[in-house]
Amino acid sequence: MENFEMPQLMGESCRPNIAEILSSVVTKIDHQQQSGSSALPLAGVSTGFPEIDQLTLGLQPGELILVAGRPGSGRYALALRIVEHITGTLGLPVVLHSLTNPVDEVGLRLLSSVSGVDSYRMRTGQLDDFEWTELSAGLAKLHNAPLAIEAKHRGDFESSIERTRQHAKHFGRPPGLIMIDDFQAFTFMGKQCSLGEARQDALNRLRELAVELEAPLMILSQLDARIDRRPDLNPGLSDLPRSGNIEAAADTILLLKRDYDYEFSHRQLGESSSQCMVEIQIAKSRFDYFGRCRISLPTGAMSISLCWGTNAPCV
């Protein structure tokens with residue numbers, strides 16, 4: 001048998017490196033244990049919600065995260081709270097593509113989120129002195145935040161990709177988050193293929209963009225309307241949009257379900273609840289960790305209120 005020879009490779013010589021990799025892994029585990037800290041060791045960027053961070057260990061650079069829910073589930077309100085925390089509290093750059101809302105609407109809802117002032121009262125100008133004080137504090141927090149908002153109805157995918165790169169170059173450092181709302185609103189100019197194939201290609205390129213810019217990339221998406229006709233209303237991966245094979249492309253998938261029964265129970269007791277409860281299920285994770293958590297969001301930041309999932313009368 002003839003001797004097998006490989007051509008000479010440029011650069012470092014190839015050799016087994018599993019021992020070094022395992023040593024690094026064990027060192028990190030030991031360091032966390034020896035630190036004695038009870039704090040959650042986040043591997044990525046905090047969302048500002050300890051409950052979500054517990055499930056995801058933070059938003060990882062290069063990761064594609066999908067947040068999906070039905071209209072009124074709190075999907076957009078949650079996204080704005082995450083954006084507010086990353087850019088306003090952590091001071092990290094954020095690029096937000098809003099393909100469903102004009103820029104003034106994004107600004108109003110973001111200011112409502114950070115200040116805690118009801119968005120309806122902001123629209124009508126019916127604010128008292130305390131609310132104006134809270135509004136001023138919100139303005140101060142966001143005024144110089146490294147946040148770029150691209151709001152184009154049914155935005156062209158190619159221009160959105162290029163604009164994201166330009167913003168990242170302007171910031172001079174990796175974004176703490178790239179946010180897209182919502183993925184189904186993208187248009188694909190000049191594509192000689194089906195919409196499903198175009199979306200599949202878009203998802204692959206978004207993943208590449210996240211890796212290239214070393215940033216977590218979060219896309220918002222709606223769930224299929226058939227979930228509303230089920231008795232339990234609990235979302236699953238089968239309720240995701242069928243075009244683009246989105247469940248396969250995403251590294252992490254968070255499914256949202258708003259607890260309307262919680263809100264109606266307060267109303268039946270004659271109580272006024274300023275918070276709504278949203279259940280979040282992690283349906284896919286790169287850490288193979290699956291679980292649920294519940295968070296509260298201000299009702300004034302929600303876009304709509306619907307009587308789903310309850311026999312209680314609408315109030």
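The model is predicted. The chain has 315 residues, and 45% of them count as buried. Its secondary structure consists of 10 helices and 8 strands.

**Overall figures**

- The accessible surface of the chain is about 16,900 Å², and carbon and sulfur atoms account for 53% of that area.
- Taking contacts in the chain between residues at least 6 apart in sequence, 71% join residues at least 24 apart.

**Nonpolar cores**

- In soluble globular proteins, nonpolar side chains tend to be buried together.
- The largest nonpolar core holds 40 residues, and those that touch the most other members are Leu78, Leu177, Met218, Ile280 and Ile295.
- Helix H3, residues 75-89, gives the most to this core, with 8 residues.
- A second, separate core has 32 residues, among them Ala198, Ala202, Leu217 and Leu223.
- Leaving out residues up to four places away in sequence, Ile280 touches Ile52, Leu55, Leu78, Leu254, Leu255, Leu256, Gly291, Arg292, Cys293 and Ile295.

- Leu255 belongs to strand S6, residues 252-259.
- The relative accessible area of Leu255 is 1%, so this residue counts as buried, the cut-off being under 20%.
- Beyond its neighbours within four places in sequence, Leu255 is in contact with Ala68, Leu223, Pro235, Gly236, Leu237, Leu240, Glu279, Ile280, Gln281 and Ala283.
- Leu255 and Arg70 are 185 residues apart along the chain, yet their C-alpha atoms are separated by 9.3 Å.
- Thr164 sits in helix H7, residues 157-171, and is buried because its relative accessible area is 2%.
- Thr164 touches Val95, His97, Ile178, Leu209 and Leu213, not counting residues up to four places away in sequence.

**Helix packing: H3 with H4**

- The axes of H3 and H4 come within 9 Å and cross at roughly 70°.
- The two helices, H3 and H4, are therefore roughly perpendicular to each other, as angles of 65 to 115 degrees are classed that way.
- H3 contributes Tyr76, Ala77, Leu80, Arg81 and Glu84 to the contact, and H4 contributes Val106, Arg109, Leu110, Ser113 and Val114.
- By class, this contact of H3 with H4 has 6 nonpolar, 1 polar and 3 charged residues.

**Helix packing: H4 with H6**

- Helix H4 (residues 103-115) and helix H6 (residues 129-142) have axes that come within 8 Å and cross at roughly 110°.
- That angle makes H4 roughly perpendicular to H6.
- On the H4 side the contact is made by Leu110, Leu111, Val114 and Ser115; on the H6 side it is made by Glu134, Leu135, Gly138, Leu139, Lys141 and Leu142.
- The contact of H4 with H6 has 6 nonpolar, 2 polar and 2 charged residues.
- Leu110 and Val114 of H4 are listed in the contact with H3 and also in the contact with H6.

**Helix packing: H7 with H8**

- The axes of H7 and H8 come within 12 Å and cross at roughly 5°.
- That makes H7 roughly parallel to H8, since angles under 35 degrees count as such.
- Phe157, Glu158, Ile161, Thr164, Arg165 and Ala168 of H7 meet Ala202, Arg205, Leu206, Leu209, Glu212 and Leu213 of H8.
- The residues of the H7 contact with H8 divide into 7 nonpolar, 1 polar and 4 charged.

**Backbone details**

- Most residues other than glycine have a negative phi, and most peptide bonds are trans.
- The peptide bond from Asp181 to Asp182 is cis, with omega near -15°.
- Asp182 is found in the loop between strand S4 (177-181) and helix H8 (195-213).
- Leu57 has a positive phi, near 60°, and is placed in the loop between helix H2 (50-56) and strand S1 (64-69).
- With a relative accessible area of 24%, Leu57 is partly exposed.
- Glu214 likewise has a positive phi, near 55°, and lies in the loop between H8 and strand S5 (217-222).
- Glu214 counts as exposed because its relative accessibility is 51%, and the cut-off for exposed is over 50%.

Notes: Residues numbered from 1 in each chain as written. Predicted model: local features only at pLDDT ≥ 70, side-chain atom pairs only at ≥ 80, totals over all residues. Heavy atoms only, no water. Helix = DSSP H or I, 4+ residues; strand = E, 2+ residues; numbered from the N terminus. Buried < 20%, exposed > 50% of the residue type's maximum accessible area, 1.4 Å probe, protein only. Contact = heavy atoms within 4.5 Å. Areas by Shrake-Rupley, 256 points an atom, 1.4 Å probe, with all protein chains shown as cover. Axes fitted to C-alpha atoms, helices over the stretch in contact; angles between N-to-C directions. Parallel < 35°, antiparallel > 145°, perpendicular 65-115°, else oblique. Nonpolar A, V, L, I, M, F, W, Y, C, P; charged D, E, K, R; others polar. Core = buried A, V, L, I, M, F, W, Y, C linked by side-chain atoms within 4.5 Å.
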